[in-house]
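Reader: I would like a close look at a single helix and what surrounds it. Please keep it brisk, and go on from there to the other parts worth a look.

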Amino acid sequence: MRHFLAAGASLLFLLAGPSAAGPTAAGTPEQVADAALKAAPVWDGHNDVPEQLRDRRKNMLAGFDFNDTTGTAEPDKSVIAMQTDLARIRKGKLGAQFWSVYVSANLTDQHAVQATLEQIDTVKRLVALYPKDLQFCVDSACVTAARKAGRIASLVGMEGGHSIGGSLAVLRQMHALGARYMTLTHFKNTAWADAATDDPKHDGLTPFGEDVVKEMQRLGMLVDLSHVSEATMMDAYRVAKAPVIFSHSNARALNSHPRNVSDAALQGLKANGGVLMINFYPAYVVGETRAWSVRRAGEKARIDAGHIGDSLGAKAELAAWEKTNPAPNGSITDVANQIDYVAKLIGTDHVGLGGDLDGIDTTVKGMEDVSTYPALFVELARRGWSQADLEKVSSRNIMRVLKAAEAYSFSRRADPPIENPTAF
């Protein structure tokens, strides 16, 4: 019942209008949005092209054309076309991208470290293949320079704390290779932090987990709280001395998925000075999609129980159920509602975009690939968002946060590295 009450309150909240008083530049919503994106091109917090290159091509780039990936679907394998390429990046007005170097949380520590290194290598090789379009960046100054040169600033974000294998030395070396954020967990707990989608084990961060946050901030690496439990969020706020991010998450008040962020945690983010970057995955955006996923899980369990020893029959029956009960995936309006909600609750200084594209197999209608960001800004402008606040959402907020992280790191440059015992 509390979820229904929260949803109703959220609707009234959104009907009150956006946080901005109104457009500061004259013109149609299209003109306001276009002016904002010219002044501050999109800086997206999370794109999984490296994962696609690993899964589809085993990190082999020979013969891969990043100019156009629209023909990469493999229907016989139920694999959709990639959602990102250079042509659509230009159409989408992206000026900077955190490329996620995700590896499975099911890997052992050492295999996770290796796979992460391979993913970083893949990003660097991809950038090197397209020097006129992409520029590898490790700081805010490089992002600014890349934009001025007409290139897409390409930064690395590590998705999942298992990628450091329980070693601060590995963390430091990942930073040296260019990683500029790390998501503390993925779907599973690490040995030092609780995830949002696993049974609690640590009640947040362990003492070593606190050291991970401290060492990341000493290095100038952004602490990413997407995927972590609320207890981990609160512990990270307590330990952090610089702003943190959620690279691809949404508001729990509009969708009760545990991957999303509660109002209390959003207030903590405001006090910290960080930014929540909105995800485009329907199961995290739209409450009805979340409810459909729960119903589907129940149907699957029922069908599987009735088809023991008949996996093909179970698959066919589930497919038939899905055909008559399609997922309500929502639309671009629902993404705008998420942005509106966060902005109204904690201010326009604390919201950005982290689409999770190429890490998701379905999107809300109207945000199917990286070309669609301008349509979202037009929708926000129609709601009365000013050009100045649109620029914050597009890239100025994440730029501010990265600069703050860099400034804090500079202030701690005399501090020695935090040490932990080696495992071997």
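Author: Helix H2 covers residues 29-39, and in this predicted model its residues Val32, Ala33, Ala36 and Leu37 are buried. Where do these four sit around the axis? They cover an arc of only 125 degrees, which puts them on the same side of H2. The general rule fits here. An α-helix has 3.6 residues a turn, so residues three or four places apart point the same way.

What do the buried residues of H2 pack against? Their partners are strand S1 (42-47), helix H15 (373-382) and helix H16 (387-411).

H2 also carries charged residues. Asp34 and Lys38 both lie in this helix, four residues apart, about one turn. Their side chains meet in a salt bridge, with N to O at 3.3 Å. Are these two buried or exposed? Asp34 has 31% relative accessibility, so Asp34 counts as partly exposed. Buried would need under 20%, and exposed over 50%. Lys38 is at 64%, and therefore counts as exposed.

That pair is local. Asp369 lies in the loop between strand S9 (351-353) and H15, while Arg88 lies in helix H4 (residues 86-91), so the pair ties together parts that are 281 residues apart in sequence. Both Asp369 and Arg88 are buried. H15 has come up already: the buried residues of H2 pack against H15.

A further salt bridge joins Arg412 and Asp415, with the closest N and O atoms 2.8 Å apart. Arg412 has a relative accessible area of 32%, so Arg412 is partly exposed. Asp415 is at 28% and also counts as partly exposed. Some salt bridges share partners. Through them, Glu30, Asp340, Glu379, Arg382 and Arg383 are joined into one network. How many salt bridges are there in the whole structure? A search finds 24.

Now to the covalent link. The structure has one disulfide. It joins Cys137 to Cys142, with the sulfur atoms 2.2 Å apart. What is the handedness of this disulfide? The torsion about the S-S bond of Cys137 and Cys142 is about -70 degrees, so the disulfide is left-handed. Cys137 is buried, and Cys142 is buried as well.

Next comes a strand. S7 spans residues 245-249. S7 is mostly covered, with five of its five residues buried. Which strand does S7 pair with? Three bridges join S7 to strand S8 (residues 275-278), and the two run parallel. Within this pairing, Phe246 stands opposite Leu276 in S8. A general point about strands applies to side chains. In a regular strand they alternate between the two faces of the sheet.

The cut-off for buried is under 20%. Which side chains make polar contacts with Ser247? One is Asp224, whose side chain is joined to that of Ser247 by a polar contact of 2.7 Å. Another is His248, again through a side-chain polar contact of 2.7 Å. Beyond its neighbours within four places in sequence, Ser247 is in contact with Gly45, His46, Tyr181, Asp224, Ser226, Met277 and Gly354.

Last, two backbone details in loops. Lys58 lies in the loop between helix H3 (49-57) and H4. Its phi is near 55 degrees, a positive value in a residue other than glycine. With 63% relative accessibility, Lys58 counts as exposed. Lys93 lies in the loop between H4 and strand S2 (94-102). Phi of Lys93 is near 65 degrees, also a positive value in a residue other than glycine. Is Lys93 buried or partly exposed? With a relative accessible area of 36%, Lys93 is partly exposed.

Technical notes
Residues numbered from 1 in each chain as written. Predicted model: local features only at pLDDT ≥ 70, side-chain atom pairs only at ≥ 80, totals over all residues. Heavy atoms only, no water. Polar contact = N/O pair within 3.5 Å; in protein donor to acceptor, adjacent residues only side chain to side chain. Contact = heavy atoms within 4.5 Å. Buried < 20%, exposed > 50% of the residue type's maximum accessible area, 1.4 Å probe, protein only. Arc of directions from axis to C-beta. Salt bridge = Lys/Arg side-chain N within 4 Å of Asp/Glu carboxyl O. Disulfide = S-S within 2.5 Å. Pairing = 2+ DSSP bridges.
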